[in-house]
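Subject: Handover of a structure and its description

Dear colleague,

Please find below the structure that I am handing over to you. I would be grateful if you could read the description beside it.

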Amino acid sequence: MISFRNVSKKFGKLQVLDSVTLDVYPSKSYALIGPNGSGKTTMIKSLLGLVVPTSGDIVFEEKSILTDWQYREKIGYMPQIGRYPENITIGQLVDMMRNIRPSQDKIDEELIDAFKLYKIYDKKMHSLSGGTRQKVSAALAFLFNPPVLILDEPTAGLDPVSVEIFKEKITAEKLKGKLMLITSHVLNDLDELTTDVVYIFEGRIQYHNSIEALKRETNEKRLGKAIATLIQQKELLDSITE
Ligand SMILES: Nc1ncnc2c1ncn2[C@@H]1O[C@H](COP(=O)(O)OP(=O)(O)OP(=O)(O)O)[C@@H](O)[C@H]1O
């Protein structure tokens with residue numbers, strides 16, 4: 001459904017994405033992992049059209065996103081840090097988002113209810129704690145029932161009860177056939193939520209496989225351990241081939 005085709009991105013001299021090629025499909029949930037600065041957010045932003053690749057193409061349902069913007073309404077995006085007009089209330093923000101979309105028939109307010117955001121609708125955005133801001137971002141990402149969800153560090157800053165609420169929502173939406181792309185450094189969360197692992201290092205996809213296959217290959221039961229073993233194996237291989 002979404003294809004990254006030899007996508008490269010340079011910021012000045014810094015090569016942030018280096019010929020990234022990846023196909024992702026509905027009903028699957030992809031863990032996009034890699035060290036800080038490896039290019040995860042840049043990859044996500046390229047898909048959203050917020051960063052323009054230096055070369056290569058991204059194809060969404062058989063159309064290049066470089067020429068057609070319509071695809072954007074099919075993606076719900078939860079950014080790492082949500083930036084909003086600070087002087088409006090949560091309620092006003094939700095209303096504003098709703099009014100942007102003409103079609104109101106598929107509104108999903110489950111997270112607004114589950115996080116009890118309606119109780120604090122009159123709080124201004126600038127007064128919110130980091131975790132509450134995350135909840136608002138999560139609720140907005142799911143609001144229009146999009147077939148594709150991109151969640152950048154979704155559980156960071158959430159309290160344990162909210163993490164569980166959010167995980168249940170993500171799992172339920174995946175079962176409905178949505179495509180999820182999730183970045184996180186909390187590998188335990190990803191273990192429960194994702195079907196596939198994409199490991200990116202220095203702007204290159206170093207590994208892509210199902211979580212089951214990764215666990216089999218590394219002989220590890222937990223995703224965190226499996227990834228650590230994978231990285232060690234790769235480092236060993238690199239040192240042999242250098
Ligand atoms: N607009 C920009 N201008 C210049 N450099 C940038 C820009 N955006 C990102 N970079 C650089 O690109 C590299 C990759 O950044 P990116 O945010 O994609 O990493 P990441 O894998 O998401 O990291 P993290 O795990 O810390 O979120 C970093 O070195 C970053 O400083």
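The notes that follow go from the whole chain to single residues.

The model is predicted: local features need pLDDT of at least 70, side-chain atom pairs count only at pLDDT 80 or more, and totals for chains, interfaces and linings use all residues. Residues are numbered from 1 along each chain as its sequence is written.

**The chain as a whole**

The secondary structure comes to 8 helices and 10 strands; helices (H or I, at least four residues) and strands (E, at least two) are DSSP runs, numbered from the N terminus. The radius of gyration is 18 Å, close to the 18 Å that the globule rule gives for 242 residues, so the chain is as compact as a globular protein of that length. Here the radius of gyration is taken over C-alpha atoms, and the globule rule is 2.2 Å times the number of residues to the power 0.38. Along the principal axes, the C-alpha atoms fill a box of roughly 60 × 40 × 35 Å.

Buried residues make up 35% of the 242 residues. A residue is buried if 20 or more other C-beta atoms lie within 10 Å of its own, exposed if 12 or fewer, and partly exposed in between, with C-beta atoms placed from the backbone.

**The core**

The largest nonpolar core has 56 residues, and L32, A139, I150 and I182 have the most contacts inside it. Such a core is a set of buried Ala, Val, Leu, Ile, Met, Phe, Trp, Tyr and Cys residues joined through C-beta atoms within 7 Å. Helix α4 (residues 130-142) gives the most to this core, with 6 residues. Leaving aside neighbours within four places in sequence, L32 is in contact (C-beta atoms, placed from the backbone, within 7 Å) with K40, M43, L181, I182, T183, V198 and I200.

**Helix α5**

The buried residues of α5 are S162, I165, F166, K169, I170 and E173. Seen down the helix axis, they fall within an arc of 135 degrees, so they line one face of α5; the arc is that of the directions from the helix axis to the C-beta atoms. They pack against α3 (110-114), α4, β7 (148-152), β8 (179-183) and α6 (187-193). The face turned away from the buried side carries the exposed residues P160, V161, E164, E168, A172 and L175. After α5 comes G177, whose phi is positive, near 105 degrees.

**Around the ligand**

The ligand is surrounded by F11, L14, V16, G34, N36, G37, S38, G39, K40, T41 and T42, where a residue is counted if its C-beta atom, placed from the backbone, lies within 6 Å. β2 (14-24) and α1 (40-48) are the elements that give two or more residues to this shell. Of these, α1 gives the most, with 3 residues.

**Individual residues**

Most residues other than glycine have a negative phi. E62, in the loop between β4 (55-60) and β5 (63-64), has a positive phi of about 70 degrees although it is not a glycine. With 7 C-beta neighbours inside 10 Å, E62 counts as exposed. Phi of E202 is also positive, near 50 degrees; this residue lies in the loop between β9 (196-201) and β10.

H208 is found in strand β10 (residues 204-210). H208 and Y30 are 178 residues apart in sequence and 9.5 Å apart in space, C-alpha to C-alpha.

Yours sincerely

Methods
Contact = placed C-beta atoms within 7 Å.
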